[in-house]
Structure formats: structure tokens, C-alpha cells
Amino acid sequence: ALTLAVPLALGLIGLTGWLLSGIAMQPIRRSYQQLQRFTADASHELRSPLSAILTNAQVGLMLASDEARFQPPLENIVDSAKSMGALVNNLLLLARHQGRLAPESLKLLTLNQFLEAIVPQFRVLAEAQGLQLNYEQPEQAIQVWADPDLLRQVIENLLSNACKYNSTGGSVRLQLVPHPGWAVVQVIDTGIGIPAVDLPYIFDRFYRVDTARSLDSGGSGLGLAIVQQIVQTHGGQIYVTSTVGQGSTFQVELPLKPYQ
Ligand code: ADP
């Protein structure tokens, strides 16, 4: 009887613990959802006054075009309103797409062409910085179910970082690699690299490596958090490897089968 009683008691304790932890988690889950909603609502509400500030400062710039002393402060307002607008949009994106995708937003995308269409605008940007941008794709078509707007944001953020944290004469490679069960996209740069101590945190919100080197790039530290969230909502993963002074590789893996 003892041999039966012990596993039964342990099982009961385990079950009670599991039920209690589920109940204990409920208020935490609720307050997290409230925080998400607050972030989404606040970002949304900030957009109209921000666009009013931007438009008025731009009008002010035109009206005061022959008043040199008004130009610098008005230009500052325009720049700050623009970067705050980008920040607010990113916060809104993070809060809205937390862990779910609208089924109607999913499209069957042929990645070969999808990526190819993004390349030209970045080639212009790269060349302006003295960088070379290459796109490599396999002969076979690789298709995934994804939200095109969100996936474009992933690739654009990674390519933009690969150019931003690079140096003249360097290169950026965008690669689509066939892999059983997965579509693998790599963004490889020959840039400044990321120190090993920072690597575990670079997908955290607002995390920026050594603000001194990042400050002039004008980012907010939200880009990679958004990238990771979008990739994970599609059932995928993102990995990074990097060597300081040599460059970084970001690898995105997306499931070939539709993800629920
Ligand atoms: P940011 O807006 O600062 O670019 P991200 O979330 O996109 O924010 O990136 C976080 C930090 O990771 C950046 O501030 C930068 O220091 C580092 N980082 C991102 N991508 C690269 C890269 N390709 N090479 C070197 N450092 C990078």
C-alpha cells in the first residue's frame, strides 16, 4: 500500500502546486495585459499631438525662411518630433503584436522575391556609406506564411543595423538559405561587432551597446526587440553571433509550415 501511497501523495502535491501556481499567475497575467493596453493606447494618443507639433514646426520653418535665427530651433523641433514619432510607432508596434497575428494578415510569401524587392533601397543607403550590399538566394523557391508588413520590418531593421554599425569599405550580405523544415535568412556584416558581454541583452527593449558609439546613430534600442517579437510570433527564432572589430551575423529561422 505504501508503494502506491507515496507516488499518489506526490502526485497530489504536484497537482495542487500546479493549480495554485496557475491561480497565482492570473493577476500577474492580467496586469501585464493592462500594461500592454496602456502602452498601445498611450502611444496611439501621442501620435496626433506629435504630428501637430511636426506640421506646425515645418510651417514655421517655411514662414521664417528669411529669419536665420529662427531656423536652428525650428529644425531641432522638427528632428525631435520625427524621432519621437518613430519611437511612438515602435512602441505601438510592440504593444499591438504581442504574441499574436491576425490570421487574415498571413500571406504565402516566396522569400526569394520578397527579399529581392527590399534590397534596392538598402543598396542606395549602403553605397552612400561606401558599403557593398549583396543578396544571395538559392535556385529553389522558399515559401513561408507570414505577415508581409511585419516581415519586411524584420529585414529592414536588420539591414539598417548592418549598415549603421559598419565602416567604410565594409560589406553587408543578405542570404536566403534552404534548410529542412525552416527558411533561414542571414544578415551578415563586416562592421564593428558586439562585445560578448552585451550579446545576451541586445534583444531587450531599450538596450544599446555602449551608448557613446550608438548615440550618434539616433536609434532607440527598440529595433531588435521588435525584430525578435515579430519572428517569435511567426513561430521562428533569431540568433546572433558576433566578433568585435570583425562583424555580426543575425540568423532568422521561420517555419515552412503555417504557425498557429
Ligand atoms: P538601435 O535603435 O540602437 O539600433 P537595436 O535594438 O536595433 O537599437 O539594436 C540594439 C543595439 O545593438 C544597438 O544600439 C547596437 O549597439 C547593437 N547592434 C545592433 N545591430 C548591430 C550590428 N549589426 N552590429 C553591431 N552592433 C549592433
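Partly exposed residues have a relative accessible area between the buried range, under 20%, and the exposed range, over 50%. Every view below shows a predicted model.

**View A. A salt bridge joins Glu136 and Arg173.**
The structure holds three salt bridges, and this view shows one of them, with the closest N and O atoms of Glu136 and Arg173 3.2 Å apart. Glu136 sits in strand β2 (residues 132-136) and Arg173 in strand β4 (residues 171-179), so the contact ties together parts that are 37 residues apart in sequence. Glu136 is partly exposed at 32% relative accessibility. Arg173 is also partly exposed, at 31%.

**View B. Arg152 and Asp149 pair within helix α4.**
Their side chains form a salt bridge, N to O, at 3.2 Å. Both residues belong to helix α4 (residues 148-164). They are three residues apart, so about one helical turn separates them. Asp149 is exposed, with a relative accessible area of 53%. That value passes the cut-off for exposed, which is over 50%. Arg152 is partly exposed at 31% relative accessibility.

**View C. Arg69 meets Glu67 in a salt bridge.**
The N to O distance between the two side chains is 3.4 Å. Side chains of opposite charge can pair when their charged atoms come close. Arg69 is exposed, with a relative accessible area of 61%.

**View D. Tyr201 and Tyr207 form an aromatic pair.**
Two aromatic pairs occur in the structure. In the Tyr201 and Tyr207 pair, the ring centres lie 5.6 Å apart and the planes meet at 40°, so the pair is tilted. Tyr201 is partly exposed, with a relative accessible area of 41%. Tyr207 is partly exposed too, at 28%.

**View E. Phe203 and Phe250 pack edge-to-face.**
Their ring centres are 6.4 Å apart. Their planes stand at 85°, so the pair counts as edge-to-face. Phe203 is buried at 12% relative accessibility. Phe250 is buried as well, with a relative accessible area of 7%. Both values fall in the buried range because that range covers relative accessible areas under 20%.

Conventions. Residues numbered from 1 in each chain as written. Predicted model: local features only at pLDDT ≥ 70, side-chain atom pairs only at ≥ 80, totals over all residues. Heavy atoms only, no water. Salt bridge = Lys/Arg side-chain N within 4 Å of Asp/Glu carboxyl O. Buried < 20%, exposed > 50% of the residue type's maximum accessible area, 1.4 Å probe, protein only. Helix = DSSP H or I, 4+ residues; strand = E, 2+ residues; numbered from the N terminus. Phe/Tyr/Trp six-rings, centres within 6.5 Å; stacked < 30°, edge-to-face > 60°.
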